[in-house]
Amino acid sequence: MALEDLLRYLLALPRGPLLLLLPLLIPIYKLIRALADPLRTVPGPTVARFTRLWKLRAFYRGDFEKTNIALHRKYGKIVRIAPGEYSIDDPSAAKVIYGHGNNFVKAPWYYAWGSVDPHAADLFSDLDPARHAIQRRKYASAFSMTALLQMEQYVDGCTELLRRRFSEFAASGERVDVAHWLQCYAFDVVGELTVGKRFGFLDSGEDISGIIEAINSYLRYGAHVGIYRRLHPLLSRVNQFLAKGKEGGFAFIAVFTQRQIDERLYSGKETGRQDFLTRFLGLQAQDPEKFTWADVMAGCTTNIGAGSDTTSISLSSVVYNLWRHPECLKKLREELDGKVDGPVSFRDAQEFPYLQAVLKEALRVHPATGLPLVRVVPRGGAMLAGRFFKEGTVVGINSWVAHNNKVSFGADADGFRPERWLESKEKSMFMDRNFFAFGMGSRTCIGKHISLMEMSKVMPMIVQNFDFEFEGPWTTKNHWFVAQKFRCRVLLRRAQDPSGTLLG
Ligand code: HEM
């Protein structure tokens with residue numbers, strides 16, 4: 001009997017017996033569905049075959065990037081992580097899933113990351129590819145390289161302030177949470193670039209207006225509620241209620257952003273700055289129907305929500321990996337010493353190949369996002385990693401899994417070795433094609449160059465002025481962003497003898 005016939009038969013039963021049978025029927029239905037699945041031979045955790053609870057628990061533990069890599073080591077290229085959902089480890093499948101025009105749309109998991117009204121979704125959470133393409137085009141000019149280079153100067157003040165803070169820590173000898181200070185830096189830079197002012201994180205080291213905690217709660221919410229996205233309308237209300245009158249999570253970020261925009265609009269001062277807000281307001285004035293006030297607001301909110309933690313996590317990865325690989329730190333210092341004096345420009349930073357290799361390698365070994373970027377198989381189904389997936393199946397690749405792939409990055413893919421990017425042009429182009437830190441295809445990161453600019457500018461300052469003495473290995477927590485914590489004593493850079501050995 002076909003599954004549909006069985007369901008029809010059961011639904012025809014009188015309601016009383018049906019209700020009594022219900023606790024029994026659900027597991028029977030799940031068992032039949034699992035047995036009837038053409039992909040039933042795909043391996044994975046047994047519980048994940050029947051329920052999304054396995055995935056919920058695995059996400060909740062906060063180390064899914066490690067679990068995901070371990071699952072692929074154990075089971076191969078395709079692993080089931082929930083009923084009808086598969087994690088893939090295959091570079092050629094990545095081209096199919098994320099390739100332009102292949103119609104794999106974002107999976108419903110992303111719904112919980114945006115407004116409960118799907119028509120008001122932002123760039124990141126929009127599930128509708130046509131509407132997303134229109135929105136993305138609207139923002140394209142503001143994120144162009146020309147625009148970015150005009151904004152570059154606004155980063156330098158924050159870099160100088162971070163230098164001052166680190167010098168003070170060096171003088172006091174106190175141990176500090178370096179990842180937190182890099183987060184303060186990234187937040188203040190986003191403030192400068194987006195609304196034309198530092199938020200003040202670097203001044204006090206405090207979580208200004210609780211925005212860091214609000215973003216953390218938004219990340220925890222999106223990662224978990226996305227698994228049961230039908231609960232999003234209800235749970236987002238509960239969330240707001242629990243925030244006791246104050247807006248919580250995503251709404252809080254929106255309120256915070258609105259306050260920054262209002263401050264700018266009602267100050268009456270002409271700033272003369274070419275930041276995002278100026279550009280968005282210009283686009284709005286040019287064509288108010290096309291670029292609405294909601295677009296101004298959404299553009300700024302997304303920058304603040306998506307552009308700070310991602311960059312600081314990547315910066316933390318550079319610092320941690322460099323100081324744990326002194327031979328790489330030495331090489332980088334040799335490249336920069338005598339050639340960089342004061343703020344380096346983004347353009348000049350491209351002329352330092354080892355610096356660029358270090359940044360890329362840090363993004364590769366510790367990509368900011370740590371959950372699969374899930375997409376829905378389009379009409380007609382698709383062949384992926386040698387198996388046929390029917391339409392509607394959810395498939396995804398985790399950046400951590402993609403970057404651990406030995407075909408893409410070599411036998412030592414799990415180690416930090418910037419030199420791999422400098423061995424040959426062909427090899428580095430091949431790795432570039434499989435590089436996943438910023439995602440792939442039409443939903444790739446719109447802020448990629450902003451972060452690369454920030455990283456290219458601040459790292460020379462850190463490397464040339466400071467050393468770090470680690471208290472111990474870092475700890476990480478993955479709730480979409482894989483955030484690190486590590487405490488260090490910050491030291492002024494010690495002198496080096498010509499052999500590169502650190503003195504004193
Ligand atoms: C090193 C820093 C960054 C990393 C590693 C990163 C990573 C990513 C990834 C992996 C995606 C794709 C997500 C998906 O497919 O589900 C993405 C999308 C996005 N990122 Fe970033 N990001 C970074 C910095 C930024 C910055 C600075 C901004 C804005 C100022 C930004 C804004 C966005 C937006 C708006 C999207 C959604 C794009 C779309 O769907 O069209 N990101 N990012």
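Ala-385 is partly exposed, with a relative accessible area of 23%; partly exposed here is the range between buried, under 20% relative accessible area, and exposed, over 50%, with a 1.4 Å probe and protein chains only. Ala-385 sits in the loop between β6 (382-384) and β7 (387-389). Helices and strands are DSSP runs numbered from the N terminus, helices being H or I with at least four residues and strands E with at least two. The phi of Ala-385 is near 50 degrees, a positive value in a residue other than glycine. Most residues other than glycine have a negative phi.

Before going on, the basis of what I am showing. This is a predicted model, in which local features need pLDDT of at least 70 and side-chain atom pairs count only at pLDDT 80 or more, while totals for chains, interfaces and linings use all residues. Residues are numbered from 1 along each chain as its sequence is written, and side-chain values use heavy atoms, with hydrogens and water left out.

Next, the ligand. Which protein atom is a donor to the iron atom of the ligand? The only one is SG of Cys-445, at 2.3 Å. Donors are N, O and S atoms within 2.8 Å of the metal (3.2 Å for Na, K and Ca), and water is not among the atoms, so sites may look incomplete. Cys-445 belongs to the loop between α22 (425-433) and α23 (448-465).

Around the ligand there are 29 residues, and the closest are Tyr-110, His-132, Arg-136, Arg-375 and Cys-445. A residue counts as near if one of its heavy atoms lies within 4 Å. By type, the shell divides into 13 nonpolar, 12 polar and four charged residues. In that scheme Ala, Val, Leu, Ile, Met, Phe, Trp, Tyr, Cys and Pro are nonpolar, Asp, Glu, Lys and Arg are charged, and the others, Gly among them, are polar.

An N or O atom in the side chain of Lys-106 is 3.4 Å from an oxygen atom of the ligand. For Tyr-110, a polar side-chain atom lies 2.6 Å from a ligand oxygen. For His-132, a polar side-chain atom also lies 2.6 Å from a ligand oxygen. Two or more residues of the shell come from each of α6 (129-140), α15 (293-307), α16 (309-324), β5 (373-376) and α23. Of these, α15 gives the most, with four residues.

Now α16 itself. Of its 16 residues, 15 are buried, so α16 is largely enclosed by the rest of the structure. Its end C-alpha atoms are 22 Å apart, which agrees with the 22 Å that 16 residues should span at 1.5 Å a residue. The expected span is 1.5 Å times one less than the number of residues.

Gln-183, in helix α9 (residues 178-195), is buried at 14% relative accessibility. Leaving aside neighbours within four places in sequence, Gln-183 is in contact (heavy atoms within 4.5 Å) with Ile-212, Asp-309 and Ser-312.

Leu-219 is in helix α11 and is buried, at 6% relative accessibility.

Another helix to look at is α19 (residues 353-365). With 13 residues, α19 reaches 18 Å from first C-alpha to last, close to the 18 Å expected. Why is α19 described as largely enclosed by the rest of the structure? Because 10 of its 13 residues are buried. Among them are Tyr-354, Glu-361 and Arg-364. What do the buried residues of α19 pack against? The partners are α16, α17 (326-336), α18 (346-349), α20 (399-403), α21 (406-409) and α23.

Last, back to the loop between α22 and α23, where Asn-434 is found. Asn-434 is buried at 6% relative accessibility. Not counting residues up to four places away in sequence, Asn-434 touches Pro-91, Lys-95, His-403, Ser-408, Phe-409 and Met-440.

How values were computed: A polar contact is a pair of N or O atoms within 3.5 Å; within protein, one must be able to donate a hydrogen and the other to accept it, and residues adjacent in sequence count only if both atoms are side-chain atoms.
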